[in-house]
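Subject: Structure handover

Hi,

Here is the structure for your files.

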Amino acid sequence: MAEVNSGMRLRAEATSPELVEATVLGVPIYREDEPFASDLANLDAAAGGVIRRAIDWGAFNILEHNSALIEAGDLPVEHILLVNGVRRGRGAWRARRVSSVATRRLRGTGATRLALWLRDGEAADEFAAAALGAVEGGYRPMDIYGRTRDTEAMKRTVEEVVFLGADQAVLDRAAVVADGVAWCRDLANRSSNDLYPEEMAEVAKTLEADGCTVKILHVPQMRALGMNALLGVGQGSEHPPVLIAIKLPGWDKAPAERRLAIVGKGVCFDSGGISLKGADKMEEMKHDKSGAAAVIAAARTLARFAPDTPLMAVAPMVENMPGGRAQRPGDVVKAMNGKTIEVINTDAEGRLILADAMYWAEQEGASHLVDVATLTGAAVTAFGDLIAAYFARPREWGAEVATAAAATGEWVWEMPLATEYRDALESPYADIINSGSREGSLIKSAVFLADFATKPWVHLDIAGTAYLTSDKARAPKGATGAAVSTLVRLALDFAGKG
């Protein structure tokens, strides 16, 4: 039996859904269940027809309801939780969301033991994704600082989730990943007065206890290296920038052609700088460090069960503030790779810090790169909060990232790295501008970054998926821990350990 830091236990059992003993039996209802599939019909018969009666009465409709808690009839459980099997196809994505909806629905109730029957879930990846979802659904962002109005009843969550037909070893490993996702969510949800660049460096140093080598570059070191694109973004803040690099023990042991660097955008607060954002929802800009939180959490996770993975996590950490020393539109900075950048919009800051961080990672020996960033509002407009956009060079490397995402229940979509748009980033004063016109801006952001990567590279824009702006059936408002499970799986596959 695996236990995550939140206290939730994950257990595998070979019991049938008709015989399992639990407070609640979670039963997904799929679109293909009209008429009832044979497995669902058999369970309904054993329960005395309560599922069909609940649906006929209108307690649950797959077109309207995310879930419905009904009486269990003749089954040995107290209740049945009908869960919408979501409209997207089978596999890890569906298993993860069914599970997260189930545990979130039961949060605050007296349900202590949930038995989850995936029905069509027999693959290890699906059970692992369901385990991630179970922990995600029980997550409470208000626990970070403590909310005094919460009663003890409100704080209740499912204590144990039983996965019918799962392998315990799969759940054990998934529990470590789930801890990493939750830890990432805590980091991303922490407020900017609490988690600023220097404090994130202190957080990263705790990974030394997991056997990692942690290196922190401060302003003088970055200036000596020529990281002026990164330094320019942070120069208006009272909190100086830092660059965090975390190497797993496997990094130095790996051959030069098999070293993976994951680079996460770490803007602890993004006011937009001199190109100031509007006041509406600016408080959400504490989440602009979600990419950094994801890569640090992925490194921490892998260090705990696969330390020989050849991985380095790099997190350039800044605050983008409009102080008297702040970078101005029209400023020209020279990046670490020698290219000059004219800053057109100080709110296009993420690509500036990534430019220096990615090049530095290559100098440290990275053979492959993945950057993860809440980079553009255009990604949110195009893909919403379910799908992350990615760009790849070469596309084969991007396909490996997409495969890792699909295996863990995350949804990514390839976008074209249309270098034909490079002309739109020309400057009369410098090698490149940091922001062009709005047309094709999602693609142009990746085209900008392409100037600063020479190795196989993927850019993953998680601006829409990194945090939710409102409560959902699957998760509360706030950080989601996006990309952590994908990065962990990618690193394992990259090392031949998937």
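This is a predicted model: local features need pLDDT of at least 70, side-chain atom pairs count only at pLDDT 80 or more; totals for chains, interfaces and linings use all residues.

Arginine 300 lies over the face of tryptophan 183, 4.3 Å from the ring centre. The charged end of lysine 444 sits over the ring of tyrosine 421, at 5.8 Å from its centre. The rule for both: NZ of Lys or CZ of Arg within 6 Å of the ring centre and within 35 degrees of the ring normal.

Residues are numbered from 1 along each chain as its sequence is written, and side-chain values use heavy atoms, leaving out hydrogens and water.

Aromatic pairs next. Rings of Phe, Tyr and Trp (its six-membered ring) pair if their centres lie within 6.5 Å; planes under 30 degrees apart are stacked, over 60 edge-to-face, the rest tilted. That rule gives three aromatic pairs. One of them joins tryptophan 93 and tryptophan 411, edge-to-face, 5.2 Å centre to centre with 80° between the planes. The pair links distant parts of the chain: tryptophan 93 is in helix α3 (residues 92-106), tryptophan 411 in strand β17 (residues 411-414), 318 residues apart. Helices (H or I, at least four residues) and strands (E, at least two) are DSSP runs, numbered from the N terminus. Another pair, phenylalanine 448 with phenylalanine 452, is tilted: 5.2 Å between centres, 40° between planes. Both phenylalanine 448 and phenylalanine 452 are buried (under 20% relative accessible area, 1.4 Å probe, protein chains only). Tryptophan 93 counts as buried too, at 8% relative accessibility.

Now the largest pocket. A pocket here is an open set of points on a 1 Å grid over the protein atoms alone, with protein on both sides within 12 Å along at least five of seven lines; lining residues have an atom within 4 Å of a point. Its volume is about 990 Å³, the space filled by probe spheres set on the points. The lining has 39 residues, with Lys277, Leu375, Thr376, Gly377 and Ala378 nearest the centre. α12 gives the largest share, four residues. α11 (350-363), α14 (441-450) and β20 (467-468) are among the elements that each supply at least two.

Last, α11. The helix has 14 residues and reaches 20 Å from first C-alpha to last, close to the 20 Å expected (1.5 Å times one less than its number of residues). 12 of its 14 residues are buried, so α11 is largely enclosed by the rest of the structure. Among them are Arg351, Asp356, Trp360 and Glu362. Just after α11, glycine 365 takes a positive phi of about 110°.

Methods: On a 1 Å grid over the protein atoms alone, a cavity is a set of points where a 1.4 Å probe fits but cannot get out, and a pocket is an open set with protein on both sides within 12 Å along at least five of seven lines; lining residues have an atom within 4 Å of a point. Buried means under 20% relative accessible area, exposed over 50%, partly exposed in between (1.4 Å probe, protein chains only).
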